[in-house]
Amino acid sequence: MEKLYSPSVIMNIQRRYGFRAAKSLGQNFLTDKNTIDHIIEYADIGENDLVIEIGPGMGVLTAAAADKAAFVVAVELDQRLIPILEDNLTHYNNIQLINADILKTDVNGIIKARRTDHSSVKIIGNLPYYITNPIIMKLLEDKADADSMTFMLQKEAAVRICAEPGAPDCGAVSAAVRFYCVPHIVMSVSREVFVPRPNVDSSVIRLDLTGEKAVAPLSEKMFFAVVRAGFGQRRKTLLNSLTGMSGFSKDDVGRILTAAGVNPARRAETLNIHEISEIADAAVDVLNTSTANI
Ligand code: SAM
């Protein structure tokens, strides 16, 4: 089989199929065997495992995953890549290609159809950078029934996604990630190992979905209402940013923050995940004694 990570092989494929990488689809193809091996290693793929890959491109990670896993389902949006993938992966009988937008894909449906009693499920991908956050948020909010997600993404995005709320880079996505899983940045990757070369460096992150959750708020819905309201207007004080959330008045918010032991003059970006959870619980208590709605 051709070395799909070799830049000359990628150039040849592009010439043969008249394919030009689309910047708008975040197409930067990986050309470093060492990085591929590490991603597969961090994903910890076993012989019984089901792997879901997002954005297989020309199949470089797909082939490496299929060498280890029981079965790989790869979801690729760009229709032009499907014949290339079919040719490049023709020797494998444990790969299914799906030509679809991952944001519109029923990932749990795929998992239900393909997993066996012995499978762990690992989601992997060198993600298209323009939709990193929406992909991760979708998988978390859909409660993807997987054990872990191992993704390559833009370095700055990795830092934000894995930031502890309260750290300078945190945002709504960091709070959501901490709510659902335990995140780790596992590797840095230079921009030099992609064709075409992007303008940014990358990192590999691993999100473990099976570990103990950092917090257990009374209402998940209220937790995310606080996150959305607080980080949606992150420059405002909590008293102002949370007012109007779910129909709460300023007085309600004052009571909520007092009950949670949080100074109303603080901003959402200074909160750690436990404080967000306490605010959400206090909001549920106030909700139970008032007419506000979520
Ligand atoms: N896995 C390949 C590699 O490492 O060389 C390609 C990675 S490239 C950074 C991202 C891939 O995601 C491209 O193949 C692109 O066409 C695909 N893609 C972009 N948007 C997508 C979407 N919404 N759903 C599924 N795949 C998408």
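Student: What counts as a pocket here?
Tutor: On a 1 Å grid over the protein atoms alone, a pocket is an open set of points with protein on both sides within 12 Å along at least five of seven lines. The model is a predicted one.

Student: OK. What volume does the second largest pocket have?
Tutor: About 260 Å³. Its lining has 15 residues, and Y5, K33, V60, A64 and D67 are the closest to the centre.

Student: Which elements give two or more residues to that lining?
Tutor: Helices α2 (33–43) and α3 (60–68) do. The largest share is that of α3, with five residues.

Student: And by class, what is in the lining of the second largest pocket?
Tutor: Nine residues are nonpolar and six are charged, with no polar ones.

Student: Now the largest pocket. How much space lies in it?
Tutor: The largest pocket holds about 300 Å³. It is lined by 13 residues, of which K23, Q27, N28, R197 and P198 are the closest to its centre.

Student: How do the residues of that lining divide?
Tutor: The lining of the largest pocket has six nonpolar, five polar and two charged residues.

Student: Switching topic: how is the chain divided?
Tutor: There are two domains: domain 1 covers 7–208 and domain 2 covers 220–292. Over C-alpha atoms, their centres are 35 Å apart. In the contact between them, domain 1 takes part with 14 residues and domain 2 with twelve.

Student: What about the largest nonpolar core, how many residues has it?
Tutor: It has 106 residues, and I123 and F151 are those with the most contacts inside it. Helix α12 (residues 273–288) is the element that gives the most to this core, nine residues.

Student: Which residues of α6 are buried, then?
Tutor: In helix α6 (residues 132–141), the buried ones are T132, I135, I136, K138, L139 and L140.

Student: What comes just after α6?
Tutor: K143, with a positive phi of about 50°. K143 is not a glycine, and it sits in the loop between α6 and β6 (148–154).

Student: Is K143 buried, exposed or partly exposed, and why?
Tutor: Partly exposed, because its relative accessible area is 45%, while buried means under 20% and exposed means over 50%.

Student: What phi does D44 have?
Tutor: D44 has a positive phi of about 55°, although D44 is not a glycine either. D44 belongs to the loop between α2 and β2 (50–54). Helix α2 is also one of the elements in the lining of the second largest pocket.

Student: Last one. Which residues does the cis peptide bond join?
Tutor: V195 and P196, with omega at about -10°. P196 is in the loop between β8 (194–195) and β9 (202–208).

Terms used. Residues are numbered from 1 along each chain as its sequence is written. This is a predicted model: local features need pLDDT of at least 70, side-chain atom pairs count only at pLDDT 80 or more; totals for chains, interfaces and linings use all residues. Side-chain values use heavy atoms; hydrogens and water are left out. A nonpolar core is a set of buried Ala, Val, Leu, Ile, Met, Phe, Trp, Tyr and Cys residues joined through side-chain atoms within 4.5 Å. Buried means under 20% relative accessible area, exposed over 50%, partly exposed in between (1.4 Å probe, protein chains only). Helices (H or I, at least four residues) and strands (E, at least two) are DSSP runs, numbered from the N terminus. On a 1 Å grid over the protein atoms alone, a cavity is a set of points where a 1.4 Å probe fits but cannot get out, and a pocket is an open set with protein on both sides within 12 Å along at least five of seven lines; lining residues have an atom within 4 Å of a point. Grid points are joined across faces, edges and corners, and a volume is the space filled by probe spheres set on the points. Ala, Val, Leu, Ile, Met, Phe, Trp, Tyr, Cys and Pro count as nonpolar, Asp, Glu, Lys and Arg as charged, and the others, Gly among them, as polar. Domain bounds come from an automatic or database domain assignment. Contact means heavy atoms within 4.5 Å.
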